Amino acid sequence: MSEHNSEHALIIERLVKRYPGFTLGPIDLDLQPGVVLGLIGPNGAGKTTTLHCLTGLLVPEAGTIRVFGRENQPDDPRWRQDIGVVGEESGFYLRWTVEENLRLVGRFQPNWSDQRARRLAERFGLPLTKRVNELSKGNKAKLAIVAALGHAPRLLILDEPTAGLDPIVRVEVLGMLWELQEDGEHAIFYSTHVLSDIERLADELVFLSDGRILQRSAKDDLVESWRRISFRLAADNLSLPGVIDHRQVRLEHQVTSRDHQATLDALRGLGAEGVEQARMSIDEIAVEILTGKGAGRVAAH
Amino acid sequence: MWRLTSTTLRYRWRVVALAWAVGIFAGLQLSLRTPEKLAITIGLMVVVASAVAGSTIPALERREHRRVLLPLLVVGRRQVAAARAVAPAALLALGAALGTCLCTLDALFRGQVVDPDLVLAPIAVAAQLLPYMQLALIAVEVKAAHDEARRGSERVAALVLFLGFAFPLAINLGALAERWVACALALGVGVALTVAAGVLYRRRLGFVE
């Protein structure tokens, strides 16, 4: 384990950003190196606002943000050396070629490696001599990722990086991110509302709604503990542990449980018959949490 | 700051070239009947064209969402703010330098004594134009402060906007008739407005334009 791993990649403390009619926060989050954290929420939940605060595009009303121990001071940009940012939009110089744009980014990044950028571009099949305004949407996304990785940042901040990409490019991009996190050195902060994107990548999920964190959980814990359970039982008004949704037609019951073990134990005690359980996808779990049914516990990290 | 400014100007070389070409063409047209004033006319037109081109740069940069690129670069907000305010002025300065060179070369070519009043006229005009160019940036900051509900900053920016408009106007209306004094004052106001535009931008709460 490198010495970098001994410190947090990112610490957000009491972050607040106010707009007329919307307040983000207070948000408290931390991220360890080697962890991919997925920030999930519907449109308008505050995901992009959070990421803009992280990248310095928005000045929060309160709170602090630290990247590998360095506070993100507006006039001391050294903290930017450790981050790579990929957003929905790219601000590249449209009439310059891919190579010229990468060279430009390199001039402003002390840790930039032309070799690394070139290697990544080649791997992605990015045409270096093409102008940015001639690139397809997929290639623009690839350029954004190459530009964000050319200085080998230890924290990658991604805001819907696959938005609008065709499935083939999406898989390519996700595959690349998957490889990146394999070394255990990089932390990735991934914001999206396309849950299938982070289903494979994320280690932890943070559910954001109306500017507030509803829940933070390890992805595997969520997938493991949430179940849909059906059973037969001659009883009305059942109160079962962990159950957040209950449907009943005569003797047939179907429940959604966020703690299936506790629910199954209770059912066994009640003598339920024909008990069947099915795993839920992250999509289904997220809907339950974001609609308020499953957000009863704010999971400790 | 200079690296950011020079990047912007290098990228916008087409705008600069087009502006100067239009300036030269306009100067040629205007001096058809007075060929002896060819160089000074072209010089002044180049300065005016540079001012127009410089004023378009912030909008052009905004159209390409340049702010999204900034988180990738290790530059401080103060540098970004300074570069944003200086880029249009730098283009104007380049136009003034070109105009002055043209006038000097013309005088030398004709074997005349170099008349400072004539040769430095492009610089004098550029000094007078600078405050008006920067007022556009200040106006943007008034709107930004209004949108972010920063009432104090909005009032300060509006005051700067008013003074920045009124002061050069008073100078030009003849309150200070001495030409070089007026130019020096206008230049001072222009520089002050450039600094103010940078400071006001630096104080923004959001850079998501």
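Modeller: The model is a predicted one. The domain assignment of chain A gives two domains, domain 1 (3-217) and domain 2 (227-279). The C-alpha centres of domain 1 and domain 2 of chain A are 41 Å apart.

Now to the helices of chain B. Two packed helices are described by the angle between their axes and the distance between the axes. Helix 2 (residues 13-30) of chain B packs on helix 3 of chain B at an angle of about 145 degrees, and their axes are 7 Å apart. This crossing of helix 2 and helix 3 of chain B is right-handed. On the side of helix 2 of chain B, the residues that take part include B:Val15, B:Val16, B:Ala19, B:Trp20 and B:Gly23. They belong to a set that meets residues of helix 3 of chain B, among them B:Thr41, B:Ile42, B:Met45, B:Val46 and B:Ala49. By class, the contact between helix 2 and helix 3 of chain B has 16 nonpolar and five polar residues, with no charged residues.

Helix 3 (residues 38-63) of chain B also packs against helix 4 (residues 77-110) of chain B: their axes come within 8 Å and cross at roughly 170 degrees. Because of that angle, helix 3 of chain B is roughly antiparallel to helix 4 of chain B. The residues of this contact between helix 3 and helix 4 of chain B divide into 21 nonpolar, seven polar and two charged.

The next matter is how chain B meets chain A. Here 21 residues of chain B are in contact with 30 residues of chain A. Helix 1 (2-11) and helix 4 of chain B are the elements that give two or more residues to the side of chain B that touches chain A. Helix 1 of chain B gives the most to that side, with three residues. By class, the side of chain B that touches chain A has 11 nonpolar, four polar and six charged residues.

Chain A, for its part, contains an open sheet of four strands in the order 2-1-4-5, with antiparallel pairing. Strand 2 (22-31) and strand 5 (70-71) of chain A stand at the edges with a single partner strand each, so one side of each has no neighbour in the sheet. Strand 1 (residues 10-19) and strand 2 of chain A run antiparallel and are joined by seven bridges. In strand 2 of chain A, A:Asp30 stands opposite A:Ile11.

Methods: Residues are numbered from 1 along each chain as its sequence is written. Chains are lettered from A and ligands numbered from 1 in the order in which they are written. This is a predicted model: local features need pLDDT of at least 70, side-chain atom pairs count only at pLDDT 80 or more; totals for chains, interfaces and linings use all residues. Axes are lines fitted to C-alpha atoms, for helices over the stretch in contact, and angles run from 0 to 180 degrees between N-to-C directions. Angles under 35 degrees count as roughly parallel, over 145 as roughly antiparallel, 65 to 115 as roughly perpendicular and the rest as oblique. Ala, Val, Leu, Ile, Met, Phe, Trp, Tyr, Cys and Pro count as nonpolar, Asp, Glu, Lys and Arg as charged, and the others, Gly among them, as polar. Domain bounds come from an automatic or database domain assignment. Two residues are in contact if their C-beta atoms, placed from the backbone, lie within 7 Å. A crossing is left-handed if the near helix is turned anticlockwise from the far one by less than a right angle, and right-handed if clockwise. Two strands pair if DSSP finds at least two bridges between them.
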